[in-house]
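Here are my notes on the model for a colleague who has not seen it before. Please read them alongside the display.

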Amino acid sequence: MTTLRLTDLEKRFGGVVASEDVNMTVPAGRITGLIGPNGAGKTTIVNMITGMLPVTGGTIHVGDTDITHAPAHEICRAGLARTFQNIRLLGETSVIDNVLIGFHRHKSSSLLSALLGLPAAGRETRALRDRAMALLDRFDLARFADYPAGGLSYGHQRKVEMARAMAAAPDFILLDEPIAGMNDVESEGLAQIFRGFAEDGKGVLLIEHNVRFVARLCSHIYVLDGGRLISEGTPDHVLNDPGVIAAYLGDAHA
Ligand SMILES: Nc1ncnc2c1ncn2[C@@H]1O[C@H](COP(=O)(O)OP(=O)(O)OP(=O)(O)O)[C@@H](O)[C@H]1O
Ligand SMILES: [Mg+2]
């Protein structure tokens, strides 16, 4: 089984050390948790994995492939997809077209014409639209397919982002605070979907402030503070670790 592996990963912004000595393994077929107080460096790690921020030390591998310094499109082709803490959708564009953009990993000649609304659409485009609709259905969004994405509620926009990420048929999906701003019913629906990703054999990295949500879904959790891993292990282990409790209390009283 493939794994996503971070070895001694480091990120410096000038004098600021945002990650240091980060060693993590995200196996296929599981949901791995990454938690830590505000500013701990969680998003920075996702930005490095996906090639959005240059790595200043250490390595990132998908299986045997070194992607540490690969450009973002190659990392996408290596099977990695993400969602953003701050939603990034084309607000004026329909929900289904936002999802269609996610198919770009599978270079399709007619995808561009589909997006441009050209009549040449044809069978391939219809097949892609069917697949996009199936994804929207999985996230219970099919009825919004033709709405402008920017008009949807925050929770629904997050789900459109996830559908777009899944359109690339990734082997690994990195979710940066996917349930932020969602109610309990919506979060529970997503928990089922994330379990489904893992059952389909995908590796999931789940970053969340809702520690109880992470603990329910993950068998292994990493805890970051000040750019360094301060604990890792089962939910029971990390949530009872005095160092983790102190880091969160420090955050609450900051
Ligand atoms: N582009 C940047 N330039 C300089 N410093 C940065 C940059 N991006 C992040 N940082 C710093 O790196 C540290 C880690 O930030 P990061 O966004 O990764 O934290 P986080 O754990 O995702 O926090 P949150 O829970 O609030 O989302 C912070 O001190 C932040 O100010
Ligand atoms: Mg963040």
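1. The charged end of lysine 11 lies over the ring of phenylalanine 13, at 5.2 Å from its centre. A charge sits over a ring if NZ of Lys or CZ of Arg is within 6 Å of the ring centre and within 35 degrees of the ring normal.

2. On reading the notes: this is a predicted model, in which local features need pLDDT of at least 70 and side-chain atom pairs count only at pLDDT 80 or more, while totals for chains, interfaces and linings use all residues. Residues are numbered from 1 along each chain as its sequence is written, chains are lettered from A and ligands numbered from 1 in the order in which they are written, and side-chain values use heavy atoms, with hydrogens and water left out.

3. The magnesium ion (ligand 2) has Thr43 (OG1) and Gln85 (OE1) as its protein donors, 2.0 to 2.1 Å away. Donors are N, O and S atoms within 2.8 Å of the metal (3.2 Å for Na, K and Ca); water is not among the atoms, so sites may look incomplete. Threonine 43 belongs to helix H1 (residues 42-49), whereas glutamine 85 is in the loop between strand S6 (80-83) and helix H3 (95-101), 42 residues apart. Helices (H or I, at least four residues) and strands (E, at least two) are DSSP runs, numbered from the N terminus.

4. Threonine 43 is partly exposed, with a relative accessible area of 24%, and glutamine 85 is partly exposed at 29%. Buried means under 20% relative accessible area, exposed over 50%, and partly exposed in between (1.4 Å probe, protein chains only).

5. There are four aromatic pairs in the structure. One of them, phenylalanine 144 with tyrosine 147, is edge-to-face, at 5.5 Å centre to centre and 75° between the planes. Phenylalanine 194 and phenylalanine 197 form a tilted pair, at 6.0 Å and 40°. Rings of Phe, Tyr and Trp (its six-membered ring) pair if their centres lie within 6.5 Å; planes under 30 degrees apart count as stacked, over 60 as edge-to-face and the rest as tilted.

6. Phenylalanine 144 is buried at 13%, but tyrosine 147 is partly exposed at 44%. Phenylalanine 194 and phenylalanine 197 are both buried. These two lie three residues apart in helix H7 (residues 184-199), about one turn of the helix. One aromatic cluster is formed by Phe139, Phe194, Phe197 and Phe213.

7. Phe194 and Phe197 are also among the H7 residues that meet H6, where Met162 and Met166 are among the partners. Contact means heavy atoms within 4.5 Å.
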